[in-house]
Amino acid sequence: MISRNLSDESLGEEISSEQQAPNKNRGELRRTFQGRILRSCIVSFWVMFIAFSLLRISPGDPIRLALGTDATEEAVKVLREKFGLDKPFLVQFYDYFTGALSGNIGVSFFSQRQVNEVISTHLPVTAMIIILSMGAAIFISIPIALSVALSSRSSSKRVFGVSTSISLAIPGFFLALLGLLYFGTVLNWVPAAGYEGEFPKNLKYLWLPALVNCFSLVPILTRVLHSSLMDTLDEEFVETGVIRGVSKIKFYWSYLLRPSLAPTVVLMSYMVGVMIGGTVVMETIFSLPGIGRELIQAVSTRDYAVVQGIILVFGLIVVFVSFVGDLLGYLLDRRVTLS
Amino acid sequence: MTKKQREEGKFDIYCGLSMLSLMLVGGLLVPLLSKYGANEVTADQMMSPSLEHFFGTDLLGRDVFVRVFSAVFIDLGAAFIGVLIPLSVGTVIGTLLGISKNRRIKGVVGSLIDGINAFPFLIFVIALVAFLGAGLGSIIVALSLVNWARYARIARTRAVVINQQGYVEAARTLGYRPTRILFRHIIPNVSSETRAYALSDFIIVIIAVAALSFLGLGVNPPQAEWGGMIKDASNIITLAWWASVFPGLALSWAGISVALISEGLNRRNREGSQR
């Protein structure tokens, strides 16, 4: 239950409703596709509106807060005009909206950096951590879920249930600190500071944050995979596989895992949001130059334009990824019902 | 078998409840009975755990044991309020949305809910706290502003189903007032689902409150708070592991106790629905 609740409430319905539609013809597919696109566009609009309103509805005057108490009236006025905060609310939103559509999501309050420039320089690190942790999570989850689903002992399910819910309750930043203490100081496997951007070299800095980050994903992933494996095991074609005596690898992959993948793929796309949150914390602890650390820095220096830009981009990324995940789940599921 | 399983569910619940109450009792008694104050410099800096200081002392020479327990009600209280407000607001709004007949309102508010839910939870809370100013109050406000949408989405789906149930129709036929039907017949049934979610959400929120303090957006020093204590001691973790490990263990203890209760209740509900 936790798994479903944690990730997204609609996840459960969507998976089940998509699994219950056996004969999907082309027209239906297109209609679903168009509906999903339309919904994503509307949600993206709200995401923009919320990100935009943050700066305008905050109780204090953000400009005054950013400049500190000893700022002159003149400086406040200049900055206010520069960011268009003196115009009416709807005009501001129109400017912001059209600007965002053409890729301009603001300028930093203090440095002259464009916010999208800040994001594009730091996004690769964050993306790399998320991809690594998702990969690690899949790698760890599949054997666990398979062995629990195939085990005939009821005690293994019991241990599985309790340990997944307990491991969800351990905060990632605490695990990260312990990991840093053990692997960094005792074993000296992790460099204390610094970062190199190129691909094979940066693994040295990223493996521990990614590993810690994946611990928030593994319990959820194994639970969903386990329950969809249990559903698959009830299907008749699994018996056929046993009777036909296909090889072990083929049996595990084509008869068990592939038919169970659709819910997992949809779940993974929903979990990107949670992963982003975890990555912010990891980047701060391991001092990695990702967007998360940039966000925390912008928050502490009160560079609200950067904060606004970063949450806009993250919101849009989540909308996009869950759109892709929905579609992938849909397509995977269609193949299953056809075969 | 069924009886045994139900008892196992019970075991989880009792385990979690006793862990939680042990912590609450500690949070109540330790600051009262201890000879040290939570913010009092009692000994040398960074003394290792001993009979004098069970969890050692921190960078400023404060007793970690007392600080860990005097943070119990700060952390759990903030998380509790941070779950309670969105639970009630989200349940009512979601239910109204589910039984509303106005398509336009349903569409607009529904997509607003999706929009709020689209933001990564922790990021959105961080950004809101940034705009509201650091502190426990703004954390609770931010949590409420973000989380009500998740409850509303659950409540909406559930309310659509409940609204078509026979007993709601019966209440309508009897001519009860709509508010009575809403609060006596629909919301109690919708909230059974949102309350179940609230329990697992409580774990996430406990961790989020501590994570925000860890990132420097939480309570103001010198108030003892687990996330803040871990943050303060993280720089000296190689010299004094106890100053950050014990608050971390307390945080995990709280999370695990709630997780056990939630797991036990789920097992029991599953058992109930199977019979």
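A helix here is a DSSP run of H or I with at least four residues, and helices are numbered from the N terminus. With that in hand, welcome to this predicted model.

Let us start with one helix, α13(A). A straight helix of 38 residues would span 56 Å at 1.5 Å a residue, yet α13(A) spans only 43 Å between its end C-alpha atoms. Along the way, α13(A) bends by about 50 degrees at L257(A), with a proline, P259(A), following within four residues. Of its 38 residues, 28 are buried, so α13(A) is largely enclosed by the rest of the structure. After the helix comes S287(A), which has a positive phi, near 40 degrees.

Next, how do the chains meet? In chain A, 46 residues are in contact with 48 residues of chain B. The elements giving two or more residues to the chain A side include α3 (26-57), α13 (248-285) and α15 (304-338) of chain A. The table sorts that side by class.

| Class on the side of chain A that touches chain B | Count |
|---|---|
| nonpolar | 33 residues |
| polar | eleven residues |
| charged | two residues |

Finally, the nonpolar core. The largest one holds 169 residues, and V47(A), V125(B) and I126(B) have the most contacts inside it. Helix α8 (residues 178-214) of chain B supplies the largest share of this core, 19 residues. Domain 1 (1-71 + 244-275) and domain 2 (78-223) of chain B each contribute at least three residues to this core. Beyond its neighbours within four places in sequence, V125(B) is in contact with A142(B), L143(B), V146(B), A208(B) and L212(B).

Methods: Residues numbered from 1 in each chain as written. Chains lettered and ligands numbered in written order. Predicted model: local features only at pLDDT ≥ 70, side-chain atom pairs only at ≥ 80, totals over all residues. Core = buried A, V, L, I, M, F, W, Y, C linked by C-beta atoms within 7 Å. Buried ≥ 20, exposed ≤ 12 C-beta atoms within 10 Å, placed from the backbone. Domains from an automatic or database assignment. Contact = placed C-beta atoms within 7 Å. Nonpolar A, V, L, I, M, F, W, Y, C, P; charged D, E, K, R; others polar. Expected span 1.5 Å × (residues − 1). Bend = angle between axes of the 7 residues up to and from the residue.
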